[in-house]
Amino acid sequence: MTELVYQHDSYIKELDAKVVNVVGNKVFLDRTIFHPRSGGVDNDKGFIVKDGSSARVESVYYDRDTGDVAHEVAGDLQLKPGDVVKLVLDWERRYRLMRLHTAAHIISAIMYSEYNALITGGNVSPEYAYDDYSLESADKALFQRAVEMANNVVKRGIEVKVYWLPYDEAMKIPGIVKLASRAPPRVEKLRIVEIPGVDVQADGGPHVKNTLEIGEIVLLRVENKGKGKKRLYFSVKP
């Protein structure tokens with residue numbers, strides 16, 4: 001299976017990797033810095049480069065047939081198993097995703113601790129993010145207060161920690177899962193993202209190292225999407 005290098009260091013922008021297999025326009029690698037679409041976070045984009053030629057990486061996802069990470073490319077870059085290539089990340093896109101993803105963790109922690117609200121859906125894209133919460137009403141004032149509290153956390157400049165714990169040990173931590181409908185897959189160890197004193201969650205995606213990097217969280221709008229789906233749209237600036 002592909003080694004997910006970004007899970008250890010989300011700031012690596014370029015990486016050499018070896019081609020394991022090519023199926024049509026799908027490239028499989030021994031390791032990657034590209035985050036596949038998962039956990040409600042959009043996939044990374046960028047380029048695969050070989051001998052001065054490059055192909056745009058448009059989509060990254062877990063392949064249904066193999067369960068491994070597929071990198072869909074646009075272009076006619078000829079690759080074969082064994083080729084050594086350079087991966088180049090669209091860093092501006094990635095960094096926006098990191099900032100919004102970490103902001104989402106802070107907001108969800110506040111919604112959980114203040115209102116006992118769980119996440120019932122959500123998505124993080126480079127432009128904005130949204131999360132659905134298990135609330136009875138779409139009270140904008142409630143969400144405004146949560147975002148204000150989240151921004152106060154951001155300003156504290158808290159170091160974001162990433163580490164692994166055995167599955168059973170991790171699942172004993174209160175609030176480790178803030179999703180209403182599902183638990184993490186049963187694996188030997190879970191990757192934990194912790195904002196000390198604020199939040200701790202099982203999570204596989206990229207995050208910033210310090211909350212100050214998020215900038216300012218901006219509430220865009222609130223929508224009622226039905227029972228248990230009160231949606232908060234937000235972004236970050238600059």
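Asn-43 counts as buried because its relative accessibility is 9%, below the 20% cut-off. That figure, like everything here, comes from a predicted model. Asn-43 sits in the loop between β4 (31-32) and β5 (46-50).

Who does Asn-43 touch, leaving aside residues up to four places away in sequence? The list runs to His-35, Pro-36 and Arg-37, then Glu-58, Ser-59 and Val-60, plus Arg-93 and Leu-97.

## Strand β2 and its partners

Strand β2 (residues 14-23) pairs with β8 (residues 84-89) in the antiparallel sense, over 5 bridges. Within that pairing, Glu-14 stands opposite Val-88 of β8.

β2 also runs antiparallel to β3 (residues 26-29), with 4 bridges joining them. Here Val-19 has Leu-29 as its bridge partner. The hairpin of β2 and β3 has 2 residues between the strands, and Gly-24 takes a positive phi near 65° there.

## How α1 meets α2

Now for the helices. The axes of α1 (residues 91-115) and α2 (residues 140-154) come within 9 Å and cross at roughly 120°, so α1 is oblique to α2. The crossing is right-handed.

On the α1 side, the contact is made by Ile-106, Ile-107, Ile-110, Met-111, Glu-114 and Tyr-115. From α2 come Leu-142, Phe-143, Arg-145, Ala-146, Met-149, Ala-150, Val-153 and Val-154. Sorted by class, that contact has 12 nonpolar and 2 charged residues, with no polar ones.

Technical notes. Residues are numbered from 1 along each chain as its sequence is written. This is a predicted model: local features need pLDDT of at least 70, side-chain atom pairs count only at pLDDT 80 or more; totals for chains, interfaces and linings use all residues. Side-chain values use heavy atoms; hydrogens and water are left out. Buried means under 20% relative accessible area, exposed over 50%, partly exposed in between (1.4 Å probe, protein chains only). Contact means heavy atoms within 4.5 Å. Axes are lines fitted to C-alpha atoms, for helices over the stretch in contact, and angles run from 0 to 180 degrees between N-to-C directions. Angles under 35 degrees count as roughly parallel, over 145 as roughly antiparallel, 65 to 115 as roughly perpendicular and the rest as oblique. A crossing is left-handed if the near helix is turned anticlockwise from the far one by less than a right angle, and right-handed if clockwise. Ala, Val, Leu, Ile, Met, Phe, Trp, Tyr, Cys and Pro count as nonpolar, Asp, Glu, Lys and Arg as charged, and the others, Gly among them, as polar. Two strands pair if DSSP finds at least two bridges between them.
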